[in-house]
Amino acid sequence: GAKAEGRNRMVLYNESMGMELRARTSLEAELRLALERGEFEVHYQPRMAVRSRSILGAEALVRWRHPVHGLVGPDIFIPMSERLGLIGRLGMFVFEAAVRQQTEWAARGHDLQISVNLSPLQLADTHLVARMAAVLRRYGCEPSRIELEVTESMLLGNEERPIAVLKAIEALGMSIALDDFGTGYSNLAYLQRYPLHTLKIDKTFIQAPDVDRPLAEMIVSLCRLLKLNVVAEGVETSEQLAWVARREIAEYQGYHFSPPVPAPHFEALLEATPA
Ligand code: C2E
Ligand code: MG
Ligand code: MG
Ligand code: MG
């Protein structure tokens, strides 16, 4: 209802809007304690089949339920966590939550693939893949039911390291998606060197005011040529969904079906949607 929606609406300010230094400093101090205080929660956004309109999976998106400010969005605290050296532990918290949720839903007959966002900084952790393998084993989670989302920005700096880590992730059996596709580098060579399974077309292309504009068309054509699984991000309107369907993009996410929601709310969506 409206009250639950209010509780899950995120505060609007962010760093780029010039948060007062004092406010930011105290938020950073609180961020260091938020994990042990249990203030993070993971919400899930459905990934939909364009044709059948069924739920294929979910993207895990982290939120910070701050005791005073309410729900704080990841655009504020992910960059902070990266700066403060907290992203490794936060990332593992989200990964474990997603794995636990996958097995819980699978046991109830909903064998979804769950996607988890990975910070480029996590790829520098030499123990990352071993830690993930241990979590998958602990919950008895089939690795192919977990997808990791990376962005082109991981290419900044050393390229050999990220490639080695992605190959280890693939060898473990997890899938890899390139997130926000089209917004990063124009160097397309990596698309063939990386073990990618999915491209997520960034919402700026899906929401282009004139959806027929050439750049959006080019991105879709490129996806088709690469023969990778394609997901349209940020589908908000029926017109955008129709555009996506006309281009034979198989999957989408967006407010048109649902924003990211807490797990119980997601379960209600599962019950109400054809399998
Ligand atoms: P992302 O991975 O590209 O996630 C998609 C973002 O688009 C989410 O914002 C989602 O709520 C939003 N979105 C989904 N559908 C629509 C739509 O129809 N319209 C519009 N306008 N937006 C839509 P959110 O949850 O605020 O996350 C922002 C970013 O924070 C994510 O972008 C991701 O880069 C990062 N993030 C979130 N959770 C994590 C995490 O656990 N780890 C890491 N490293 N980054 C995360
Ligand atoms: Mg993502
Ligand atoms: Mg994205
Ligand atoms: Mg993004």
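A search of the whole structure finds 0 disulfides, a disulfide being a pair of cysteine sulfur atoms within 2.5 Å.

This is a predicted model, in which local features need pLDDT of at least 70 and side-chain atom pairs count only at pLDDT 80 or more, while totals for chains, interfaces and linings use all residues. Residues are numbered from 1 along each chain as its sequence is written, chains are lettered from A and ligands numbered from 1 in the order in which they are written, and side-chain values use heavy atoms, with hydrogens and water left out.

## The overall fold

The secondary structure of the protein comes to 11 helices and 9 strands; helices (H or I, at least four residues) and strands (E, at least two) are DSSP runs, numbered from the N terminus. Of the 275 residues of the protein, 48% count as buried. Among contacts between residues at least 6 apart in sequence, 69% join residues at least 24 apart, where contact means heavy atoms within 4.5 Å.

## The nonpolar core

A nonpolar core is a set of buried Ala, Val, Leu, Ile, Met, Phe, Trp, Tyr and Cys residues joined through side-chain atoms within 4.5 Å. The largest such core has 78 residues, of which Tyr44 and Phe95 touch the most other members. Helix H4 (residues 87-107) supplies the largest share of this core, 9 residues. Once its neighbours within four places in sequence are left aside, Phe95 is in contact with Val116, Met132, Val135, Leu136, Ile146, Leu148 and Met174.

Donors are N, O and S atoms within 2.8 Å of the metal (3.2 Å for Na, K and Ca), and the sites may look incomplete because water is not among the atoms. The magnesium ion (ligand 2) is coordinated by Glu59 (OE), Asn117 (OD1), Glu149 (OE) and Asp179 (OD), at 2.0 to 2.2 Å. Distant parts of the chain are linked here, with Glu59 in strand S2 (residues 55-66) and Glu149 in strand S5 (residues 146-150), 90 residues apart. Both Glu59 and Glu149 are buried.

The magnesium ion (ligand 3) is coordinated by Asp179 (OD), Asp180 (OD) and, through two entries, Glu233 (OE) and Glu233 (OE), at 2.1 to 2.5 Å. Asp179 in strand S6 (residues 175-181) and Glu233 in the loop between strand S8 (229-232) and helix H10 (238-246) are 54 residues apart. Which residue coordinates both magnesium ions? Asp179 does, and the two ions, ligand 2 and ligand 3, are 4.0 Å apart. Asp179 counts as buried at 6% relative accessibility, and Glu233 is buried too, with a relative accessible area of 11%.

## Around ligand 1

Of the 25 residues around ligand 1, Arg63, Asn117, Asp179, Glu236 and Tyr255 come nearest; a residue is near a molecule or strand if one of its heavy atoms lies within 4 Å of it. A polar side-chain atom of Arg63 lies 2.8 Å from an oxygen atom of ligand 1, and a polar side-chain atom of Gln45 lies 3.0 Å from a nitrogen atom of this ligand. Ser119 approaches in another way, through a backbone N or O atom that lies 3.5 Å from a nitrogen atom of ligand 1.

Ser258 has its place in the loop between strand S9 (251-252) and helix H11 (263-272), and is buried, with a relative accessible area of 3%.

Val244 lies in helix H10 and is buried, with a relative accessible area of 0%. Not counting residues up to four places away in sequence, Val244 touches Val50, Ile206, Ala232, Val235 and Ile249.

Most residues other than glycine have a negative phi. Arg53, however, has a positive phi near 60°; this residue lies in the loop between strand S1 (40-49) and S2 and, at 48% relative accessibility, counts as partly exposed. Glu248 has a positive phi of about 55° although it is not a glycine. The place of Glu248 is in the loop between H10 and S9, and at 62% relative accessibility Glu248 counts as exposed.

Conventions
Buried < 20%, exposed > 50% of the residue type's maximum accessible area, 1.4 Å probe, protein only. Polar contact = N/O pair within 3.5 Å; in protein donor to acceptor, adjacent residues only side chain to side chain.
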